[in-house]
Amino acid sequence: MALVTNLTFAWWNTSLAPSGATRSTPLDRTIACRVISNLITQVGADFIALGEMSEVDLEAIRFICQEFDFEIKSEITKSGRSQFDICYAYNKNKIAVVESKDIVDGVGSSILRIAKRIDIVTPGDDTIIHLLVSHWPSRLYCYKDHSDRHLYALRLRDQFTRLVEDYGPNPYVVMLGDYNDEPFDASLCDQLKASRDVDLVRKRKHLLYNPFWQYLAKRSEAHHGAGSYYYKDGKVTKWHTFDQLIFSQAFLTSKSWMYRHCHDLVHEIPELVELILNPKMRFDHLPVFGRVERISQNG
Amino acid sequence: MANFIDSFNRGIQAADQARANKEEIYSVIDELSTQLAGASDGKLKIEVVEKTEVLNRFAMTANDLFSRKTYFAIVATNPLSASPRPEELARWRVAETGYPCHVILPDTEIYCEDKKALEKALSRLIATPAAGKILQSVMNQKSITDDED
C-alpha cells in the first residue's frame, strides 16, 4: 500500500448538541452534513473532529461520511455529571485508529473534561500521531481567568509530557478543539506553552506551535469573519479565536511529517458565515483545520 | 548577598506539604484495601507496587532488555492465596508534590487534585466490569486452607 503523503486535520464545533444534549432540527443537521461534505471536498480533510454532538446528530451525519468512505466514531462518553460531546470521522483509506481514551481531571467532586486522546497511524508507517481533542467549557460557566481554565491547560500539558516519556523525546502531537480561550490567554500561552513563534519552537522542544495567532483579526476585506467563533453579545469584539490546532515541535523539525503553512486555517464557507451572523440560527463556529505533509524520502 | 534563608524555608515547607499529601494519598488506598479485605473475608489486599513493562517476546532486542521501563500500578493481591499473584487494576503515578496523582485505565486517565477526587476515582475504578473480573479472579486464587482440605 502506498504511503500517505499528507494529512489534514479539522475541528468543527457543530453547535448541534451543547453538552451532548441534542437541540438540532432536521434543517440544522442537513446544514451540518453540507459543512462536513465541504470539509472533505474543499479542504481535503482526512480527520474531522466534531464538538457539541449527540448520538442523534451522529446518526444524521453517518450517511454523508459513508458516501466519502469515512468511518464515523462516537466519543460521547459519560464523565462526571455531564459527558464528552465529541465525535470524529476519518478517511479509512488513509488513517487507522489505534486507540482512544478520555483524559479527565478530578477536583473535589467535579470532573474537568480535558481531552479525548486518539492515537492514529497511516498505512505502511509505524509513526503514531497523537491527537488530543478538547472542548473546554464556555466562559458563561467557567469565566475567563478562572483557576480551572489553568487546570485544563496544565493537565493537557501533562498529557504531552506523558507522551514524551512514553513515546520518546519528540512525539507527533496535534491538539485541536474549542478551548473557549484565545491563543493569547494565559491558559494556552503560559500553561500549555503554545507559542506564536515558529522559529523559537523549532529550537525548543518543550514549546508547541500555535498557528492560530494569525487569526486574531480579519485578515483582509475579502474575508467574512475575524476569528472562528461569533458571540453576538460581544461588547468589544463579536469574533473570537477559540477554535485552534496546536502542533508539537516534531512537525517543524522532523524528517518524517512536517507542518504545512497554509493561508486560511479558518474555513470561511460564505453560507455558513451568513448562518452564524443570523441570530435566528444556532450555528456560531466556523471549522478550522491544519495540514501536515510527509517529507520525501528521496530528498 | 543573596538571601538563601527564604528559599531554604520554602523548600522545607514544600517538602512537608508533599509528605503530608502523600500520606493522605496512601491513607486513601489503605482505606480501600481495608474495606475490600473486610468485604472479602481477607482475600483482597490493594496496594501500589513497582512493575516492569512486559516485552513482546517475538520482537524484542537486546537493547529492549537492558532498557526495560518500570512503572507503578495499583494491584490486588490475595494474602490467603497459596501462591499470591498480584493482578494489575490500573497504572499509577504520583507527582513529586503528591497531588495530582494519576489513575490510568485502558479507556480513561484520571488526574486527582485532592483526596475527594482520588476517592471518587478509586470508586470508579473498582466499579468497572474489568476490575470486578480481576477482583473475582484474585479472590478465587487457591488458598492455603484449600490445600489443607
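## Basis of the description

Helices (H or I, at least four residues) and strands (E, at least two) are DSSP runs, numbered from the N terminus. The structure is a predicted model, in which local features need pLDDT of at least 70 and side-chain atom pairs count only at pLDDT 80 or more, while totals for chains, interfaces and linings use all residues. Residues are numbered from 1 along each chain as its sequence is written, and chains are lettered from A, with ligands numbered from 1, in the order in which they are written.

Helix α1 of chain A covers residues 26–43. After α1(A) comes G44(A), with a positive phi near 80°.

Several α1(A) residues are buried, among them D28(A), I31(A), V35(A) and L39(A); a residue is buried if 20 or more other C-beta atoms, placed from the backbone, lie within 10 Å of its own.

## Nonpolar core

A nonpolar core is a set of buried Ala, Val, Leu, Ile, Met, Phe, Trp, Tyr and Cys residues joined through C-beta atoms within 7 Å. The largest one has 106 residues, and A10(A), I36(A), F47(A), I48(A) and Y88(A) touch the most other members. Helix α1(A) supplies the largest share of this core, seven residues.

## Chain A overall

Chain A contains seven helices and 17 strands. Buried residues account for 45% of its 299 residues, and its C-alpha atoms fill a box of roughly 55 × 45 × 45 Å along the principal axes.

How values were computed:
Expected span 1.5 Å × (residues − 1). Buried ≥ 20, exposed ≤ 12 C-beta atoms within 10 Å, placed from the backbone.
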